[in-house]
Amino acid sequence: MITSILQYSTIDIKFLELNLRQLSKFSDEIIIPICDHLFEGEPENEELLQQSIEIISKFDKCKAFLFEYQGKQSNPAYYHTMSRLLGTMEAKND
């Protein structure tokens with residue numbers, strides 16, 4: 001059983017459906033952690049978030065969840081790594 005973790009922000013919305021179609025070909029589970037802010041601190045676009053959730057809901061294998069922005073961190077990779085960690089914690093498979 002394979003779990004894929006898709007790190008996502010609404011900047012990538014035009015690629016979301018294509019990525020999910022491709023991941024669905026080999027993944028038993030797709031986890032999509034989404035921060036409520038972009039990683040540099042700007043709040044996510046609520047309208048695009050809603051559109052993203054609608055796209056994600058078309059795929060049975062997908063589980064998306066929002067996680068809270070905790071303020072600017074000194075290391076720009078903090079939220080990238082946090083997203084991977086939270087996705088891994090939600091995974092049921094390898």
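Strand 2 (residues 29–35) and strand 3 (residues 62–67) pair in the parallel sense over six bridges, where strands are DSSP runs of E of at least two residues and helices runs of H or I of at least four residues, both numbered from the N terminus, and where two strands pair if DSSP finds at least two bridges between them. This is a predicted model, in which local features need pLDDT of at least 70 and side-chain atom pairs count only at pLDDT 80 or more, while totals for chains, interfaces and linings use all residues. Residues are numbered from 1 along each chain as its sequence is written, and side-chain values use heavy atoms, with hydrogens and water left out.

Within the pairing of these strands, I34 stands opposite L66 in strand 3, and K63 in strand 3 is the bridge partner of I31. Strand 2, helix 2 (residues 46–56) and strand 3 together make a right-handed β-α-β unit; a crossover is right-handed if, with the strands pointing away from the viewer, the path from the first strand over the helix to the second runs clockwise.

Strand 2 also pairs in the parallel sense with strand 1 (residues 3–5), over three bridges, and T3 stands opposite E29 in strand 2. Here the chain crosses from strand 1 through helix 1 (residues 13–24) to strand 2, and this β-α-β crossover is right-handed.

Seven of the seven residues of strand 2 are buried, a term for under 20% relative accessible area, with exposed over 50% and partly exposed in between (1.4 Å probe, protein chains only). E29, I31, P33 and C35 point one way from the strand, whereas I30, I32 and I34 point the other way, and all are buried.

A second topic is the aromatic rings. Rings of Phe, Tyr and Trp (its six-membered ring) pair if their centres lie within 6.5 Å, and planes under 30 degrees apart count as stacked, over 60 as edge-to-face and the rest as tilted.

| Pair | Arrangement | Centre to centre | Angle between planes |
|---|---|---|---|
| Y69 and Y79 | stacked | 4.9 Å | 20° |
| Y78 and Y79 | edge-to-face | 4.8 Å | 85° |

Y69 counts as buried at 13% relative accessibility, as does Y79 at 2%, whereas Y78 is partly exposed, with a relative accessible area of 25%. Y69, Y78 and Y79 form one aromatic cluster.
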